[in-house]
Amino acid sequence: MAKRYDLRVYPGFRAVTFLCLFVLYAPLVVVMVYSFNASPSITNWEGLSLRWYADVFTGPESAKFKAAARNSFVIALVAASVATAIATLSATAILRGGRFRLRLVSFGLISLPLMVPEIVTAVATLIFFNAIGFDRGLLTILLAHIAFCIPFAYLPIAARMQGIEDTYEQAAMDLYATRRQAFVRVLLPLMMPGIVSGFLLAFIVSLDDFIITNFVKGAGVETLPTAIFGSVKQGIRPNIMAISTMLLAVSVVMVTLSWLISRRDTTR
Amino acid sequence: MSDERAAAIDVRDAVKRYGDFTALKRISLSIADNEFFTLLGPSGCGKTTLLRMIAGFEDVTEGAIFLFGDEIETLPPHKRPVNTVFQNYALFPHMTVQENVGFGLEMLGRSRAEARARAGEMLEMVQLSQFAARKPAQLSGGQQQRVALARALAPQPKVLLLDEPLSALDLKLRKAMQLELKHLQRDTGITFIFVTHDQEEALTMSDRIAVMSAGEVQQLGTARDIYERPRNMFVADFIGETNLLEVHVDRIAEGRALCHLGGGHALSCDAVDGVGVGARVHLSVRPERLALSAAAQGDESLAGTVREHVFVGTDITTLVDLAGGISLRVRSANSARASAQMFEPGAAVHVTMEQGAGRLLVD
């Protein structure tokens, strides 16, 4: 009887599944496959080769891409770290600060940026920097990234924290731990999977960001996405596919790590 | 100002309010050093609130709590020399059993080596030495329970608070742990304050019991006091099984109250303060203190008819209908059935109350 309600036997289940997977992944597969193409054409297949990967590191655009990659990773690392620290503190305040009047409002304010169209955030951030007379450069990108990474870091951290009963901290304080010791010795280790997961998510969001970065970056300062965009404007070359494939690999590794870590339940 | 002979815990006129809701209505009680003291009551009676106030997790709205003569209201939980065994144990999942047990000592500033040594001793005491390196999740419920106990006892608190620590265990394990706890309390000499809703657990272990309901202490006394001399309806009904009979007090003489109940039956029992002549109150009689016989035994035997027998293992409960719509439960030990006469349902019997077994209840 149970079989009748199994989703897998619904008519068209297979077709719809394959259609969805195709729409989602076909473009990525094309990019990945053609990044290994020996031809300088982006459509004609001429055999397997790693020349475009070599081109990324040694070709005419390699200096530009290396600088952009360094910027991207530095910004992602710093922005994700700072955003994770802020998100951890916010989650502690909102979820462990007892009942305070603006609790719900605080939660809303923290997660709202996820709902705001990115272009709006980009324009607003740009206007803000202009208004306070801040010269655009690497620092503006970093500040903007820290700001928009906070909600991404916050969500997994808060989700994790919500699953930790407060009796653990009470037990710690009952056993003579001060509030700070209870936080450092008990709450923080229990939250760690959420924190790492939040950090990785923030890292990847920062690494991938184009719109906001493009608005707030200074002239001559590029991150990988803006460098790729700039390069594509002069026509798509296969080296772009190689970079994209590498970036995709980094993203997949990060997301997988984040998933694996958040799945590890230290409370069991 | 510490006094050597002061009570371990002295709760004076403590009130706890959450907004408009009063969880505790002005409670005063004193718990002696070395005592196994139980707060017993149904859920929502305020027993856990009181325990948490002593631990420092809830503040006291009014009144004060003294620990060996010192007011502790201003002390945060980590400065109170009391430890708690939590209902769900709250063992730190990321630490080993040994680290869990040594945590309190480490927080007290003892060296890591000392904490480890002491944790080893405590684990030996609860017979879990071989599990020292495991994580709590790798232990059974009963083992976790003992780790929680060892952890709370390791820093040698002046008072140990236990918040329904046995409620998650199965019946057999719970019975074993009851005895173990009692022994542990006797051996360590630490004052135990035990919270439970299980009256049998309370009767088995406690030196004294405070029966609580609706934020008030209904009765405070030894297990025997509370069982044999319940003060009011709530206590009589909550503790054990009882027959509650509506009676009218006709006469009081020489410490005895002569009462009548519906159907022309009369009974006499000890008079109590607060119940005078003419009062309509309830009389509590434990079913094991009633006896069945074919013929009347004295002039206070109540004539009735057997309705049915209920077999409950060690005992047999017989339901007897009296005239006037009164129904009584009579319990006889199963071991006595060879000597006692069995009455078939429908048989006419007399029910006789043991001398001094009836208890008049206030309100």
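The model is predicted: local features need pLDDT of at least 70, side-chain atom pairs count only at pLDDT 80 or more, and totals for chains, interfaces and linings use all residues. Residues are numbered from 1 along each chain as its sequence is written, chains are lettered from A and ligands numbered from 1 in the order in which they are written, and side-chain values use heavy atoms, with hydrogens and water left out.

**Contact between chain B and chain A**

- Chain B brings 27 residues to the contact and chain A brings 20 residues. Contact means heavy atoms within 4.5 Å.
- About 2,100 Å² is buried between chain B and chain A, with 64% of that area from carbon and sulfur atoms. Buried area is the accessible area (1.4 Å probe) that two parts lose on being put together, summed over both.
- B:His78, B:Pro93 and B:Met107 give 28% of the area that chain B buries against chain A, more than any other three residues.
- One salt bridge is counted between the two chains. The term requires a side-chain nitrogen of Lys or Arg within 4 Å of a carboxyl oxygen of Asp or Glu.
- That salt bridge joins A:Arg185 to B:Glu106, with the closest N and O atoms 3.1 Å apart.
- Eight residue pairs, both at pLDDT 80 or more, are in polar contact between chain B and chain A. A polar contact is a pair of N or O atoms within 3.5 Å; within protein, one must be able to donate a hydrogen and the other to accept it, and residues adjacent in sequence count only if both atoms are side-chain atoms.
- On the side of chain B that touches chain A, the elements giving two or more residues are α1 (47–55), β6 (82–85) and α2 (97–107) of chain B. Helices (H or I, at least four residues) and strands (E, at least two) are DSSP runs, numbered from the N terminus.
- α2(B) gives the most to that side, with four residues.

**A:Ser90 in chain A**

- A:Ser90 lies in helix α3 (residues 62–96) of chain A.
- A:Ser90 counts as buried because its relative accessibility is 14%. Buried means under 20% relative accessible area, exposed over 50%, partly exposed in between (1.4 Å probe, protein chains only).
- A polar atom of the A:Ser90 side chain lies 2.6 Å from the backbone oxygen of A:Ile86.
- Setting aside neighbours within four places in sequence, A:Ser90 is in contact with A:Ile110 and A:Tyr154.

**Covered strands of chain B**

- Strand β19 (residues 348–353) of chain B is mostly covered, with five of its six residues buried.
- β19(B) pairs antiparallel with strand β15 (residues 290–293) of chain B over four bridges. Two strands pair if DSSP finds at least two bridges between them.
- B:Ala291 has B:Thr352 in β19(B) as its bridge partner.
- Strand β16 (residues 302–312) of chain B also runs antiparallel to β19(B), joined by four bridges. There, B:Ala303 stands opposite B:His350.
- Strand β14 (residues 280–285) of chain B has five of its six residues buried, so it is largely enclosed by the rest of the structure.
- β14(B) pairs antiparallel with strand β11 (residues 243–253) of chain B over six bridges. B:Leu244 stands opposite B:Ser284 in β14(B).

**Open sheet of chain B**

- Four strands form an open sheet in the order β2-β1-β4-β5 (chain B), with antiparallel pairing.
- β2 (21–31) and β5 (70–71) of chain B each have a single partner strand, so one side of each is left without a neighbour in the sheet.
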